[in-house]
Amino acid sequence: MVDIHHGERPHGGEQTERHAREALFRRQLAVEHGGGGGDPAEREREVDGPGRDRGRGAQQIPLDAGDVASLLGTYDLTSRYTGDVEQTRGWIIEWEVPVLLNASQVWGVVGQWYFNLESGIYHNPSGWHVYYFADDNGIAGNHPSCALSTWDGGSLCEGALSSLQPGQRVAFKYEWCTPSRVADVNGAEICLYVDMKDGAGWQFLAQDARGTVEMYAHDIEHFRDVGPEYTEPLFSCDAPIKMIRQEVKTTSGAWQTMTGASTWSFHDAAPYVYQNKNLTASPATWEACTSSSICSGAPAWASAQAYPPSTQVTSGGRLYAAKWHIS
């Protein structure tokens, strides 16, 4: 059988929705995995022209691959700001943590990129964690709870920035700033903060020079294409990923609530869907989850059954098509 619902999604002309991100594979600390095994959060990023990223072919890596491996994440849902990113001076985006129907066995990510600095919430079998990635000047001096060196230039977080629960809200703020972390609409760097909605307010996460001009969220990222050992996440549509609000900072330094049907472009790939979009509200909101109807109409796979080529069947919530008929 051949899994038919994956593949590269065109976006922005030649650009694809599949991104590779660059880093060395790190074993998780003992606090995460009891001292063994690796985390498939590995990212490789290949730049294909100014401001464009193009993914490379997936490579299957065993869980005990050692200290160096390359694993790819796939962006199946993205929401991209359609305005002039170079005229922004900051971005706030707030998420609500979803319910994962297979949480004990999956990796998945909900996050965003702004001027080549990534952040968001990352799930592995131990739970949800705040993370950041692509801090190219190193993680020294960043948030002390995010010093695991999970990747070169990035880290999962622990302590109060981990063990996030469904329904919990987390906000991220990017601002142009000076090297001394002072907000400045002419600043050459990006300062990144997180608000755990626990009364502590904005906490500094990371800082880097501005890079690729980009401003978009990957509402759902998974690692299923790496290999079957990385189970595809099943996001509940009753308790889905929720985008709660976004704000953009103008060149004058003012924060504006983001709203309007033309403010974002959306790209999706089965089995994931957007639902309950309310783009004209202020702030605009939407949800994302695994479609419950993606496999409707296709019969369940039976191991003793011989299927003609192109016959579609379901197994484990996924849609497959027969490639060969073997008699």
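This report looks at salt bridges in a predicted model.

## Charged pairs in the model

Let's start with the general idea: side chains of opposite charge can pair when their charged atoms come close. In this structure there are eight salt bridges, and a few of them are described below.

## E94 and its two partners

One partner of E94 is K197, and the closest N and O atoms of this salt bridge are 3.5 Å apart. Find E94 in strand β3 (residues 90-96) and K197 in the loop between β10 (189-195) and β11 (202-209); the two residues are 103 residues apart, so to speak distant parts of the chain that the pair links.

R245 is buried, with a relative accessible area of 17%.

## A bridge between K249 and E175

Now look at K249, which forms a salt bridge with E175; their closest N and O atoms are 2.8 Å apart. K249 lies in strand β13 and E175 in strand β9 (residues 169-177), so this pair ties together parts that are 74 residues apart in sequence. Is K249 buried or exposed? K249 is buried, with a relative accessible area of 7%, and E175 counts as buried at 8%.

Salt bridges with shared partners join E94, D195, K197, R245 and E247 into one network.

Key:
Residues numbered from 1 in each chain as written. Predicted model: local features only at pLDDT ≥ 70, side-chain atom pairs only at ≥ 80, totals over all residues. Heavy atoms only, no water. Salt bridge = Lys/Arg side-chain N within 4 Å of Asp/Glu carboxyl O. Helix = DSSP H or I, 4+ residues; strand = E, 2+ residues; numbered from the N terminus. Buried < 20%, exposed > 50% of the residue type's maximum accessible area, 1.4 Å probe, protein only.
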